[in-house]
Amino acid sequence: MNVKIEETTIIHPSTPPFTDDHVLSLSHLDTDINLHVTFRYIRVYVNKVDPENQTRERPDPFQVVTSSLSATLVHYYHYTGSLVCREHDKRLELHCQAGSGVPVTRASVDYTLSEINYLDDPDETFVEKLVPDPKGQDALTRPFILQVTRFKCGGWVLGATIHHTLCDGLGATLFFNAMAELARGAGRVKLEPVWDRSSLLGPRDPPRVEFPFHEFLSLDKNSLPYMEPSKLAVRECFKVKDEWLDRLKVFLHEQSGSNYTTFEALGAFIWRARVKAAKIPSEEIVRFAYATNIRRITKPQLPHGYWGNGCVPMYVQQLAEGLVNQPLSKTADSIKNSKCNTTDEYVRSFIDFQDLHYHEGITAGNRVSGFTDWRHLGHATVDFGWGGPVTVFPLSRHLVGSIEPCFFLPYSSASEGKKDGFKVLVYLQEEAMVDFKKEMEKLEHIGLS
């Protein structure tokens, strides 16, 4: 399937938000070396027919997106800036120049969305063409790029590329919700954005680290963020039925007497399956990593309009041998117990650790399995007038220090017969994927014998 690129336009704020060029500092969470990457994803919108006026033609989605973007950039002009590495400490900062804008590409595809199942589990080669993919310095010069691709049926896909230093997924959703509100006719944005990065999430004076991060993180001046292996990980989607998950939770409860969330139970199962499939030597340390939202944890709480990175990484570690051989409930317990560390002191200590050791190179190593749950992040609220997206699908291969991430995703709301449960998107080295599939097959039968 070919994607025809028709034009790329630079969209400027509808009213100049400033006249003097200036530089903005970022928080120590924004400049975490693990966030020196872009995150990329798609939102899929279907062309629903108006039952009261079936002859009415929908507006051009490119025009809707670009006009609402222009209006929203008056408030979020920071997306027009460029990221620059400071000489004295090698941290990124944001350079804002009057007259800058955001590139938006218009594209088209001569297929209907239904012919490709609404991109519920898309062909990797094809879906990559729906999202811009800047490399190297281009990713810093243009940290935010959009692509609007219209399909033969009138449906369309919004592809977004955002440098993680600017914001996390929740921060990006605040921005897209503001765009969508203006696209639907709102006279102003409902929630004014708050910057104040370095003051709200800056280090203490003097910095002090009250949490033993050295047990999870190493210092290596020669380390580079996301050292790619010789071969990129391959991607697979796996279905998880509700009844399988229910039996897994009962199985774990019978082992330990404790109750577990879906993230804890399924995360433990998949983590063990990955380590077994990859045949990691028994004496090596392996890590389970996830990001936790701190917006309501910090003291004081972050303002509702704060859209910078508002998450900190959490780590669970085990020896590979112990992880593979111990009861699965012990692994689920370790994930469950890690959540107790989510405190203001943990956040402040992490920021101070970043302040003290950033120049030494902070790394979690190469045996990190990154996990995230995208089922309840509010993507469905981003409605430009077509209703919420029927599919949201990530293309990023980088997550909290891992180059083999795992996403929990809802099925496309437009897919027939897939309302039971959800899907798990897994990246793994190709030679390990065959054994991993065998491990995942066990999920269907767990608790039956």
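View 1. With a relative accessible area of 1%, Leu119 is buried (buried means under 20% relative accessible area, exposed over 50%, and partly exposed in between, using a 1.4 Å probe and protein chains only). This is a predicted model, where local features need pLDDT of at least 70 and side-chain atom pairs count only at pLDDT 80 or more, while totals for chains, interfaces and linings use all residues. Residues are numbered from 1 along each chain as its sequence is written, and side-chain values use heavy atoms, with hydrogens and water left out. Look for Leu119 in the loop between strand S6 (102–109) and helix H2 (124–127); helices (H or I, at least four residues) and strands (E, at least two) are DSSP runs, numbered from the N terminus. Its phi is near 60°, a positive value in a residue other than glycine.

**View 2. Lys90, partly exposed in its loop.** Here we're in the loop between strand S4 (82–85) and strand S5 (92–96), where Lys90 lies. Lys90 isn't glycine, yet its phi is positive, near 65°. Its relative accessibility is 46%, so Lys90 counts as partly exposed.

**View 3. Ile42 and the largest nonpolar core.** A nonpolar core is a set of buried Ala, Val, Leu, Ile, Met, Phe, Trp, Tyr and Cys residues joined through side-chain atoms within 4.5 Å. The largest one has 70 residues, and Ile42, Leu69, Tyr79, Phe176 and Phe384 have the most contacts inside it. H4 gives the most to this core, with 7 residues. Setting aside neighbours within four places in sequence, Ile42 is in contact with residues including Leu119, Val127, Leu130, Val157 and Phe393 (contact means heavy atoms within 4.5 Å). There's also a second, separate core of 64 residues, with Phe216, Ala277, Tyr315 and Tyr346 among them.

**View 4. Helices H1 and H4 crossing.** The axes of H1 (residues 61–72) and H4 (residues 169–183) come within 8 Å and cross at roughly 115°. Axes are lines fitted to C-alpha atoms, for helices over the stretch in contact, and angles run from 0 to 180 degrees between N-to-C directions. H1 and H4 are therefore roughly perpendicular to each other (65 to 115 degrees; under 35 is roughly parallel, over 145 roughly antiparallel, and the rest oblique). On the H1 side, the contact is made by Val64, Val65, Ser68, Leu69, Ala71 and Thr72, and H4 brings Phe175, Ala178, Met179, Leu182 and Ala183. These residues divide into 9 nonpolar, 2 polar and no charged; Ala, Val, Leu, Ile, Met, Phe, Trp, Tyr, Cys and Pro count as nonpolar, Asp, Glu, Lys and Arg as charged, and the others, Gly among them, as polar.

**View 5. Helix H9 meets helix H6.** H6 (residues 242–256) and H9 (residues 328–338) have axes that come within 9 Å and cross at roughly 95°. That makes H6 roughly perpendicular to H9. Leu248, Leu252, Gln255 and Ser256 of H6 touch Leu328, Ser329, Ala332 and Asp333 of H9, a set with 4 nonpolar, 3 polar and 1 charged. Among the buried residues of H9 are Leu328, Thr331 and Ile335, and what covers the buried residues of H9 includes H6, helix H7 (262–278) and helix H8 (320–325).

**View 6. Two cis peptide bonds.** From Asp205 to Pro206 the peptide bond is cis, with omega near 0°, and Pro206 is found in the loop between helix H5 (197–200) and strand S9 (218–219). From Lys299 to Pro300 the bond is cis too, with omega near -5°; Pro300 has its place in the loop between strand S11 (285–293) and strand S12 (311–319).
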